[in-house]
Amino acid sequence: MRRTRRRVHRLGRVALLGGLISAGVIACATTTESPGRGGGTASADAPVIGPAAGAQLCETMWADIDNWRQQGSVIARVKFNGVVHTWALRNGAINIAVARHRDAIDAVTRDQCPKARQQVTQIIGTVDLASGLVGF
């Protein structure tokens, strides 16, 4: 009985932590800037993701796929978001650019690790990785 409670409390903590991270990221990633006269954001602020950074994201996702599969889609989605946020921060603090161009994550993983991308989308229950990014 005691072990079950601890496991439930741990899962609750993880879910709470994920919610807090998502809320913080949403607060940081929002902007009041107008998109300009063209009606869309300029492609100049799209994140530049080099091959080394893309490989790093792919390696990190591959390392976590088995754990995410065991933890279920809700927790996996929170952890996937954490991986992407940490990765973006370590690679030039491009979090805001990724927030504006979430499809950049799909593009880099489609090119460098399509199998990992496919497995992660299945685990988190989305059609693409951009849809699984909360707060971006």
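**Questions on a predicted model**

Me: Which residue has its backbone nitrogen 2.9 Å from a polar atom of the side chain of Asp-106?
Reply: This is a predicted model. In the model, Asp-106 sits in helix H5 and touches Arg-117, Asp-128, Leu-129 and Ala-130, leaving aside residues up to four places away in sequence. The backbone nitrogen at 2.9 Å from a polar atom of the Asp-106 side chain belongs to Ala-130.

Me: Is Asp-106 buried or exposed?
Reply: Buried means under 20% relative accessible area. The relative accessible area of Asp-106 is 2%, so Asp-106 is buried.

Me: Which residue meets the side chain of Asp-106 in a salt bridge?
Reply: Side chains of opposite charge can pair when their charged atoms come close. The side chain of Asp-106 has such a partner, with 3.1 Å from N to O. This pair links distant parts of the chain, with Asp-106 in helix H5 (residues 103-112) and its partner eleven residues away in helix H6 (residues 114-124). Like Asp-106, the partner is buried; the partner is Arg-117.

Me: How many salt bridges does a search of the whole structure find?
Reply: One joins Asp-106 and Arg-117. Another joins Arg-69 and Asp-66, at 3.2 Å from N to O. Arg-69 and Asp-66 lie three residues apart, about one turn, in helix H2 (residues 51-71). The search of the whole structure finds two.

Me: Is Asp-66 buried, partly exposed or exposed?
Reply: The label exposed needs a relative accessible area over 50%. Arg-69, at 44%, is partly exposed. Asp-66 has 51%, so Asp-66 is exposed.

Me: Which elements do the buried residues of H5 pack against?
Reply: The buried residues in H5 are Ala-104, Ile-105, Asp-106, Val-108 and Thr-109. One of them, Ile-105, touches Leu-57, Val-84, Trp-87, Val-98, Leu-129 and Leu-133, not counting residues up to four places away in sequence. The elements that the buried residues of H5 pack against are H2, H3, H4, H6 and helix H7 (129-132).

Me: What is the arrangement of the rings of Trp-68 and Phe-80?
Reply: A search of the whole structure finds one aromatic pair. The pair joins Trp-68 in helix H2 to Phe-80 in helix H3, twelve residues apart. Trp-68 is buried at 2% relative accessible area, and Phe-80 is buried at 0%. The ring centres are 6.1 Å apart and the planes stand at 85 degrees, so the pair is edge-to-face.

Me: What separates the C-alpha atoms of Gly-92 and Pro-47?
Reply: Gly-92 is in the loop between helix H3 (73-90) and helix H4 (95-100), and at 61% relative accessibility Gly-92 counts as exposed. Gly-92 and Pro-47 are 45 residues apart along the chain, and their C-alpha atoms are separated by 9.3 Å.

Terms used: Residues numbered from 1 in each chain as written. Predicted model: local features only at pLDDT ≥ 70, side-chain atom pairs only at ≥ 80, totals over all residues. Heavy atoms only, no water. Salt bridge = Lys/Arg side-chain N within 4 Å of Asp/Glu carboxyl O. Helix = DSSP H or I, 4+ residues; strand = E, 2+ residues; numbered from the N terminus. Buried < 20%, exposed > 50% of the residue type's maximum accessible area, 1.4 Å probe, protein only. Polar contact = N/O pair within 3.5 Å; in protein donor to acceptor, adjacent residues only side chain to side chain. Contact = heavy atoms within 4.5 Å. Phe/Tyr/Trp six-rings, centres within 6.5 Å; stacked < 30°, edge-to-face > 60°.
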